[in-house]
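Open the model in your viewer and keep the selection tool at hand; the stops below follow one another from element to element.

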Amino acid sequence: MGEKDMIEEKEMAGQARMGWVRWIWRVLYLAVQCTWGAVQTLAGAVLFMQNLSCPHSFYQHAVRTQWKKGSGVSLGLFIFTPQGADRMAVHEYGHTVQSLLLGPFYLLVIGIPSCIWNRSKRYRRLRAEYGVPYSFCFAEGWADRLGEKMTGMISDGS
């Protein structure tokens, strides 16, 4: 066996290990989202069922729905983004990591403040008039950083 063959064999073994690592991470991700994050995952499943006609795929380990709305939502292991909004998907994936970390406290600690920051006329005006970035809200900035760290890609808040 030549040196080139040995290098190729090592590379293939490394890729197989990475495949197992990804598989184990996906199983753990799903298990934690369906137990510790069950409340928001159940809500996400309901929203998923309401959008069955939209395109779906896996985004990292989350289930991504590309819907016709102009905004994104993350509930447990489900993320919802406009079609082609890949940077937003990074941000929403960050929210799924928050769900893993906070479990049943996610909706209280992240969901409510995030919804108020997104929907409130006062905060919309603040962002529009003074150029306050969406990531200024602690929940949104944290989601950007987590999504970027986990995916290696840039979010829409950066």
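**From the sheet to the pocket**

Select strand β2 (residues 62–67) and strand β4 (residues 78–82), which pair in the parallel sense over 5 bridges; strands are DSSP runs of E with at least two residues, helices are runs of H or I with at least four, both numbered from the N terminus, and pairing requires at least two DSSP bridges between two strands. This is a predicted model, in which local features need pLDDT of at least 70 and side-chain atom pairs count only at pLDDT 80 or more, while totals for chains, interfaces and linings use all residues. Residues are numbered from 1 along each chain as its sequence is written, and side-chain values use heavy atoms, with hydrogens and water left out.

Within this pair, pick glutamine 66, whose bridge partner in β4 is threonine 81. Widening the selection shows an open sheet of 4 strands with mixed pairing, in the order β1-β2-β4-β3, where β1 (56–59) and β3 are the edge strands.

Next, select α4 (106–119) and helix α5 (residues 121–130), which pack at an angle of about 60 degrees with axes 5 Å apart; axes are lines fitted to C-alpha atoms, for helices over the stretch in contact, and angles run from 0 to 180 degrees between N-to-C directions.
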